[in-house]
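User: I would like to learn how to read a protein model, beginning with a ligand and going on to the sheets. Could you take me through it step by step?

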Amino acid sequence: MKGKPVAVLVDAVEYDRHRIASSRRGRSNRDCGSFTTLKRPPQTEYFQCCLIRLVERRDLLTSVTRALDRAPIVLLMGPRQCGKTTVARQIAASRRSTWFDLEDPEVALRQEAAKQVLAPLRGLVVIDECQRQPALFPLLRVLADRRPRPARFLILGSASPDLVRGVSETLAGRVARLEMGGFVLSEVDTRRRDDLWLRGGLPPSFLARTDADSFAWRADFVTTFLERDVPQLGIRVPAPALRRFWTMLAHLHGQVWNAAELARALGTGEAAARHHLDILVGAFLVRVLPPWFENLGKRLVKAAKVYVRDSGLLHYLLGARRRLDLYSHPKLGASWEGFALEQVVRRLDAERDAYFYATHGGAELDLLIVRGRRRLGFEFKHADLPDVTRSMHVALADLRLEHLFVVHPGERSHGLRERVSALALRDLDTVRREWKLG
Ligand SMILES: Nc1ncnc2c1ncn2[C@@H]1O[C@H](COP(=O)(O)OP(=O)(O)O)[C@@H](O)[C@H]1O
Ligand SMILES: [Mg+2]
């Protein structure tokens, strides 16, 4: 089912309902192509009939479902358009549920009436675009503390709680926080890896008919984010200034963050540069990779590295429209590094234990994942036949790595020397399984 067009005139959830029903009748998923009508009238923009290609995201659905079993409130966060609503619709379709879209002006969840509306509900309550009404959170805390629990809450948001003041503290302890992003390689046909790299994982960009359509979609995405989403968060920053900053960051993709240098280049203060960075990080658009620190008797780099998380947005900001542009771009290596790093961190669930390592003496490791006593290193090389470098030897010894993977775009994974191997990105899932890193 990976990425193949379903070619039916329904939305994702109607499709899924049908799929479940037909598998109960003993028919295979392939039979779904005959399902062409929408049974209910369209309720929201989302429900309008569209020709959809549904990409199955089984692991993601499982994580959200498990989190709902565990915690009374699940906060599912990710950048705009990454597929949060679609995932939640699929989960809600299979159980008793009530849906509130806070972006819909007709939704009756006004603050003063919220308690009366939410308290009697049973089953699953989904609140979409929760960053629009942060004042709801104290109420959710009260509702989540009831015993027995009449309802569970799935809260969707495209801005991190750190960006929406007060939310982190209000919900501490009761919430399972999950992050998602656009498609990762394991969710799409691996033969489309280069499309995923060029266009990025946001579904409409990845699934666009042509590279040009995908590029145009990303251009709109950036403009909408700057001109509509940021102001809606109550953040006042001129859109052109943030656009300039974001573009500049694309050119510094994969480098160590230096606020002073950036502020100078942009003619702003350091505080403004920091604020701009916080906005893009809080909206899940930029990754700040912290440096690893331990006392090794060496002078370590202490500033963080920055990456534009979605490779498609990176390429839009760099003006790389087609593969040809990407392959001839001076940022090719950095782009591969960011793309592969994002895949590894997401697939190995390493959001909270990912670092880089660099000494002022020149030793470097692109990604260090620390799990208890285990330490795994990753280097990202856009070369078909990667080699072991001196810097890798130093990192292996300094950090006492269990293993070092050199992740490359080629076809084959193989050992390079003891504790070092070349890993073709498409074999990442094998590593995940064999090293029990899921
Ligand atoms: N698994 C998927 N397969 C195909 N298209 C998808 C999938 N998930 C999302 N989309 C499409 O991507 C767009 C954004 O999805 P949506 O769920 O609205 O994102 P979000 O709620 O994160 O903004 C929609 O047009 C949706 O149809
Ligand atoms: Mg949504």
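User: Which element gives the largest share of the shell around ligand 1?

Analyst: Please keep in mind that this is a predicted model. The largest share of the shell around ligand 1 comes from H3, which gives 3 residues. Helix H3 (84–93) and helix H8 (203–206) are the elements that each give two or more residues to this shell.

User: How many residues surround ligand 1, and which are the closest?

Analyst: Ligand 1 is surrounded by 15 residues, and the closest are Gly 83, Lys 84, Thr 85, Thr 86 and Pro 203. Sorted by class, the shell holds 6 nonpolar, 5 polar and 4 charged residues.

User: Now the sheets, please. What holds the strands of a sheet together?

Analyst: In general, strands of a sheet pair through backbone hydrogen bonds, and the pairing is either parallel or antiparallel. In this structure, one open sheet is formed by 6 strands in the order S9-S10-S11-S12-S14-S13, with mixed pairing. Strand S9 (354–358) and strand S13 (414–417) are its edge strands, each of which pairs on one side only. If direction is ignored, neighbouring strands of this sheet are turned by 30° against each other on average.

User: In which sense do strand S10 and strand S11 pair, and over how many bridges?

Analyst: Strand S10 (residues 364–371) and strand S11 (residues 374–380) pair in the antiparallel sense, over 5 bridges.

User: What is the strand order in the open sheet of 3 strands?

Analyst: That open sheet has the order S6-S8-S7, and its pairing is antiparallel. Its edge strands are strand S6 (255–256) and strand S7 (286–289), each pairing on one side only. S7 and strand S8 (residues 305–308) pair over 4 bridges, and Val 286 stands opposite Val 308 in S8.

Note on methods
Residues are numbered from 1 along each chain as its sequence is written. Chains are lettered from A and ligands numbered from 1 in the order in which they are written. This is a predicted model: local features need pLDDT of at least 70, side-chain atom pairs count only at pLDDT 80 or more; totals for chains, interfaces and linings use all residues. Two strands pair if DSSP finds at least two bridges between them. Axes are lines fitted to C-alpha atoms, for helices over the stretch in contact, and angles run from 0 to 180 degrees between N-to-C directions. A residue is near a molecule or strand if its C-beta atom, placed from the backbone, lies within 6 Å of it. Ala, Val, Leu, Ile, Met, Phe, Trp, Tyr, Cys and Pro count as nonpolar, Asp, Glu, Lys and Arg as charged, and the others, Gly among them, as polar.
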